[in-house]
Amino acid sequence: MSPAWPELAYDAWHDTCDTLHAHTQVLGKLAARLARPEPQLQHAALRLTARGWETAPLPAPDGSGALVVALDLHHHDAVIEHSDGRARSAALVPDRPVADVTREVLAAIDDLVGPVRIDPAPQEVPWTARLDEDYGHATYNAEHVATYFEMATQAALVLAELRAPYRGRVSPVNAWWGSFDLAVSLFSGNAVEPPSNDFIMRNSANAQQIEVGWWPGDHRYPRAAFFAFAFPKPEGFDQATLTPPAARWDTDLGEYLLDWDDARAAPDPRLAAVDFGLSAIRHACMVCGWDPVLAASAEGTPPALT
């Protein structure tokens, strides 16, 4: 087992995981409110940086510059920074309820750039308490968060390696606050009809894409894992044999998986994870009928220069 790829099962830290997930939703709501809209809701995504989860620079509503809001997972603070150098912070420890942190973050933003109203209803999670009224999520184990951050950093580096050579439109390594995962999306350039009129579906599921990502596990699947899927999913997509051998199709989740523990057990965990992502992309491009030259670029073979 690679010491650089630590072990942390969801069951061992689920209370802290869900609290951290709820904190990321505050950042995501701010990005969704302040950033200029982009296709497939890319403007609402967060980033995993060297200090934790954070927004891209957001336009300050008072026109005074840019605002960044971050979860510093080294110092365990929510940090609010203005481009003019002013900053505020709200402690995540010891065991502070999401409601208290949310209210403090919004108050700090109000102080820096004026009031910003967000929809406090959580999204894509099994709980319903408003973020500014959520006293049920208050567990924050700093040691577990540090281990998670080590895992997430390794996963983000794998995803960055997978996206780098692709010559079509490709997302950054997004940190999605609804599903609490990291993911990259490769786009073919073809539009598709959204499967429903749900807000998220009609604004994000309107382009042919392949997604490869990682998440730390949740109540449905309590193990960290890399995942991959194609949208729309063509007939027979679930019949492939991907590499490494531990990769498999999960019918319940509707995606290919490579468990974190299987990757970390490999002689080279990073190589195993990259191999999984490339084999999934290769399979998806073939069965979805993507342009062969564009598909080849994902393997590190760029189009010919003329």
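This is a predicted model: local features need pLDDT of at least 70, side-chain atom pairs count only at pLDDT 80 or more; totals for chains, interfaces and linings use all residues.
A pocket here is an open set of points on a 1 Å grid over the protein atoms alone, where a 1.4 Å probe fits, with protein on both sides within 12 Å along at least five of seven lines. Lining residues have an atom within 4 Å of a point.

I found 48 lining residues, and the closest to the centre are Glu 124, Trp 176, Gly 178, Ser 179 and Ile 200. Helix H1 (10-34) gives the most, seven residues. E8 (181-191), H4 (199-204), E9 (207-215) and E10 (225-231) each supply at least two. Helices (H or I, at least four residues) and strands (E, at least two) are DSSP runs, numbered from the N terminus. By type, the lining has 23 nonpolar, twelve polar and 13 charged residues. Asp, Glu, Lys and Arg count as charged; Ala, Val, Leu, Ile, Met, Phe, Trp, Tyr, Cys and Pro as nonpolar; the others, Gly among them, as polar.

**Ground rules.** I number residues from 1 along each chain as its sequence is written, and side-chain values use heavy atoms, without hydrogens or water. Local features need pLDDT of at least 70 and side-chain atom pairs 80 or more, while totals for chains, interfaces and linings use all residues.

**Helix H2 (98-113).** The expected span is 1.5 Å times one less than the number of residues. Buried residues (under 20% relative accessible area, 1.4 Å probe, protein chains only) include Val 98, Val 101, Val 105 and Leu 112. The buried residues of H2 pack against H1, E4, E5 and E6. Gly 114 follows H2, with a positive phi near 100 degrees.

**Helix H3 (142-163).** The 22 residues should span 32 Å; the end C-alpha atoms are 31 Å apart, which agrees. At the start, a side-chain oxygen of Asn 141 comes to within 3.0 Å of the backbone nitrogen of Glu 143.

Most residues other than glycine have a negative phi, and most peptide bonds are trans. I noted a cis bond between Val 93 and Pro 94, omega about 0 degrees. Another joins Phe 231 and Pro 232, omega about -10 degrees. His 76, in the loop between E4 and E5, has phi near 60 degrees and is buried at 11% relative accessibility.

Notes. A polar contact is a pair of N or O atoms within 3.5 Å; within protein, one must be able to donate a hydrogen and the other to accept it, and residues adjacent in sequence count only if both atoms are side-chain atoms. Buried means under 20% relative accessible area, exposed over 50%, partly exposed in between (1.4 Å probe, protein chains only). Contact means heavy atoms within 4.5 Å.
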